[in-house]
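Thanks for asking me to look this one over. My notes are below, with the model first.

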Amino acid sequence: MKKKKSNYLILKNVNLIDCNTDHVQRNMTISIRNGIIEKIVKEGELEISEDAKIITLSGKTVIPGLIDSHVHLFQSGVDDFMKPYAERLINKFERNCWLTIRSGVTTVRNMPGGRGYKIFKYRDKVKKGEIIGPRILASGPAITVPYSYFSILSYLPFSSFLRFFIERLFRIRGLSIDANNEREAKEVVRRLKREGVDFIKTITPGSNYPYAEDENIKSELLDKGLKKEQIEASMQPKILRAISEEANKLDLKVVCHNIYGTKGFSEAVKAGADSIEHSPMGLLSEETFNLMKEKEVYWVPTAYAIYNWKNIIDNPEIYETEEMKELVPEPFHSFGRKCLQKVRDDIENGGFWSEFYNEVEIFKQEYFPTNISIAIEKGVKIVAGVDCGAGGAGYIPHGQLHKELELYVTNGMGEFDALQTATKNAAELLGKIDELGTIEEGKVGDIVVLDSNPLENISNLKSINLVIKEGDIVFSKKESF
Ligand SMILES: [Zn+2]
């Protein structure tokens, strides 16, 4: 679909949810000039000049462009990094951008994956309008410690000579950077700033291998050929603190991938993270939630990915729908099927995945519902992220933001609050609240037009009619704009 330039766009007779308040303002007119929202007035109050492109949208609901704060645009929702030559990276990127923006998501925070530094070039192509896609805030490589999560040593723990070739063969150069101590960590933050990152991605303390305290599992892992350093590696709070301090000075936010448990999660809150990504397998303490509230640390649960993983494992037919085949095209779809079957076999045989599988059931029944209800009660800011693109324990393709929000609502969050996790709260976390996240005069003209009201049912977010980014219609249900 081609992008059309319209310098002056007028949306007439809409029902507006500006996302500052839950009040629906009926019969409104919004004008967007040169990408910026110029006027929001009652229907009939705007003097319309001839150069305007006018769209009458009676009965439609208008919300701010959505923000997905945790995506991997270089992955398709399976472990496709294992098939590096199956498709040109640019093609995959363009497809995933398209799937994202047509779902109403006009801004994303992109996490590492693919080739760490390539994202900056592609981010700028989207910015210039050469690729249709969401506005991208990119992290570049994640900062980790040797042998820990994301560390190249953790995946390739052999000679540096071999690593050199394999990193290039699998195009994983730039996925992560190891920091041995505080001084190195600060240096990496400065280097990433120079490279052009929009934020810093790192990890919480905690073991890379969950359950590794269990001696049986530890010996199983050692038997599998893992090194002791790999099993025991963990980000130290003092290194995390150094990363946060340096990032703060450079006006960069710090995003912490939570490895697994609750301890590392709360250590990261104390060490100065701006957001903690993913949900722990366990119950967070009241103290942690109080501290998050006090220090304004955001939580990006990405919980749907975990639910989705178990759902697909239990019900193979979910993976075989036409919709999935469109979202995850060949050869990746077939490859994903094989990987999933291996996991199912491993669970059947009581292998490594079976522990995780059992834990996910408790996660669904207890950990997540309890944690999110306490977070809601305490007023901890939650921001929606789906982990779109992630394989592993996610298997979630692009364009699924509504599913994360549905999960919040089924766990006790109101529809309006859920909508704010993907608009206003997210813009605050991204440091972009002056431009994005709500519909106000002077803000960027990112707007989604829906056929039905999401405050009546959050699933109405699927009823996308138009997606407008910076005043340009980038997706239309009718394909005729
Ligand atoms: Zn992720």
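1. How many bridges join strand β7 to β8, and do they run parallel or antiparallel? Four bridges link β7 (residues 105-110) to β8, and the two run parallel. Strands here are DSSP runs of E, at least two residues long, and helices are runs of H or I of at least four, all numbered from the N terminus. Two strands count as paired if DSSP finds at least two bridges between them.

2. Before going further: this is a predicted model, where local features need pLDDT of at least 70 and side-chain atom pairs count only at pLDDT 80 or more, while totals for chains, interfaces and linings use all residues. Residues are numbered from 1 along each chain as its sequence is written.

3. Back to that pair: V108 sits opposite I136 in β8. β7 and β8 belong to an open sheet of three strands, ordered β6-β7-β8, with parallel pairing. β6 (66-71) and β8 (135-138) are the edge strands with a single partner each, so one side of each has no neighbour in the sheet.

4. The chain splits into domain 1 (8-64 + 439-476) and domain 2 (66-429), with bounds from an automatic or database domain assignment. Their C-alpha centres are 32 Å apart. The contact (C-beta atoms, placed from the backbone, within 7 Å) takes 17 residues from domain 1 and 18 residues from domain 2.

5. On the side of domain 1 that touches domain 2, β5 (61-64), β16 (464-469) and β17 (472-476) each supply at least two residues. β16 gives the most there, with three residues.

How values were computed. Two residues are in contact if their C-beta atoms, placed from the backbone, lie within 7 Å.
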